[in-house]
Amino acid sequence: MKNNSDIKNGIRYILCESEFEFIDYLRPTNDLWKPDPMGWIFRGQANSRWELIPKVFRKKTKISFTEESVEGPDKDIHQQIKYEWDLLYNFFWLSDEIGLQIPGDDIIFRDINATKYEIDKSIDDLSWPHPKIIETMALAQHHGVPTRLLDFTRTGLIAAFFAGFWSLEIDIDDEKNELGVDYSKNGLCVWALARELKHFSNNRIKELTVPRVGNKFLHSQNGLFLNDQNVNSFWKENNTYPALENVVSSLASHIDTSTRKYIAVKLILPFRFRHDLLRALRMERITMAHLMPSYDIVAKTLEWQRDKKVLFLNFN
């Protein structure tokens with residue numbers, strides 16, 4: 001990339017040369033986000049090579065809680081949706097059984113006739129996901145259930161933390177992984193999308209939120225979700241899921257270049273800076289304990305900082 005920055009198909013790519021440059025870009029006061037610093041949302045990814053694809057559509061993802069051998073995505077879009085519904089249904093009922101409050105609690109989960117009529121209809125006519133289950137889907141996604149939603153945050157440095165945190169699961173000391181990818185030449189990244197993207201896409205890309213009351217993790221992470229509402233029709237025609245960055249690129253022709261030159265930004269940080277990034281974010285009071293506040297996570301965070309050698313224990 002010339003001068004470590006390039007714009008292509010509505011996306012600005014920036015390769016950072018230190019953790020501090022990376023962090024500086026992600027502050028809302030940076031000129032990168034003008035004229036509307038609050039008009040962006042962010043997603044951290046452990047590997048800059050990974051596409052923006054929801055977990056339920058990624059290869060080798062287990063998409064059933066009852067059948068261990070079932071891995072997605074299924075070639076039949078109707079069967080794929082049935083698996084997605086079963087994941088949510090099982091999440092809903094076990095949560096209810098142990099007394100957890102569930103946003104989006106609706107008769108559609110509790111009445112077998114409503115379930116059969118409304119869910120089966122949304123599967124048959126490909127109108128899935130049904131509007132009445134969106135809140136439950138978002139909650140499930142936030143707690144690790146594979147769904148067709150992508151997690152985002154309104155805060156760039158929170159996205160940076162998750163990119164750095166999960167990048168430590170990648171062993172870059174291995175010359176190549178089982179897929180032949182040379183990780184030593186790779187990096188973690190943060191994607192930023194302009195919120196007006198939903199207007200460029202005629203609401204194809206939809207933002208989803210759930211109430212923060214009773215969901216302190218979502219509140220701490222300033223979280224929200226994106227859903228590509230054209231997935232089912234695209235899948236039926238192409239037998240594959242469209243990566244979100246490809247959707248963004250396809251919308252580039254709608255940009256008024258006199259006022260905006262890009263509608264997405266991809267910030268990349270080489271893996272060699274990942275420990276330094278996490279230490280710097282600790283000084284900003286951004287850790288897993290801050291983003292998932294509970295006593296269990298406090299203990300796990302302290303263990304993790306020790307084991308991953310990102311110690312910074314001066315709390316005063």
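Start by selecting Ile98, which counts as exposed because its relative accessibility is 58% (exposed means over 50% relative accessible area, buried under 20% and partly exposed in between, with a 1.4 Å probe and protein chains only). You are looking at a predicted model, where local features need pLDDT of at least 70 and side-chain atom pairs count only at pLDDT 80 or more, while totals for chains, interfaces and linings use all residues. Residues are numbered from 1 along each chain as its sequence is written, and side-chain values use heavy atoms, leaving out hydrogens and water.

**Stop 1: around Ile98.** Ile98 sits in the loop between α2 (77-97) and α3 (107-110); helices (H or I, at least four residues) and strands (E, at least two) are DSSP runs numbered from the N terminus.

Stop 2: Now select Arg110 and Asp96, whose side chains meet in a salt bridge at 2.7 Å, N to O (a side-chain nitrogen of Lys or Arg within 4 Å of a carboxyl oxygen of Asp or Glu). Arg110 belongs to helix α3 and Asp96 to helix α2, so the pair ties together parts that are 14 residues apart in sequence. Arg110 is partly exposed at 36% relative accessibility, and Asp96 is partly exposed at 26%. Include Asp105 as well: Asp96, Asp105 and Arg110 are linked in a network of salt bridges.

**Stop 3: aromatic rings.** Over the whole structure, 15 aromatic pairs are found. Rings of Phe, Tyr and Trp (its six-membered ring) pair if their centres lie within 6.5 Å; planes under 30 degrees apart are stacked, over 60 edge-to-face and the rest tilted. Which rings form a cluster? Select Trp85, Tyr89, Phe92, Trp93, Phe109 and Trp128, which ring pairs link together.

Next, pick Trp40 and Tyr262: their ring centres are 6.2 Å apart and their planes at 40°, so this pair is tilted. Trp40 lies in strand β3 (residues 40-45) and Tyr262 in the loop between α10 (244-250) and β8 (264-270), so the pair ties together parts 222 residues apart in sequence. Trp40 is buried, at 1% relative accessible area, and Tyr262 is buried at 12%.

For another geometry, go to Phe165 and Trp166, with centres 4.9 Å apart and planes at 90°, so the pair is edge-to-face. Is each of these two residues buried or partly exposed? Phe165 is buried, at 11%, whereas Trp166 is partly exposed, at 46%.

**Stop 4: strand β3.** Five of the six residues of β3 are buried, so this strand is largely enclosed by the rest of the structure. Show strand β5 (residues 187-194) too, which pairs with β3 in the antiparallel sense over six bridges (pairing needs at least two DSSP bridges). Look across from Phe42 and you will find Ala192 in β5.

**Last stop: zoom out.** The chain has 13 helices and eight strands, and its C-alpha trace spans about 60 × 50 × 40 Å along its principal axes. Of its 316 residues, 50% count as buried.
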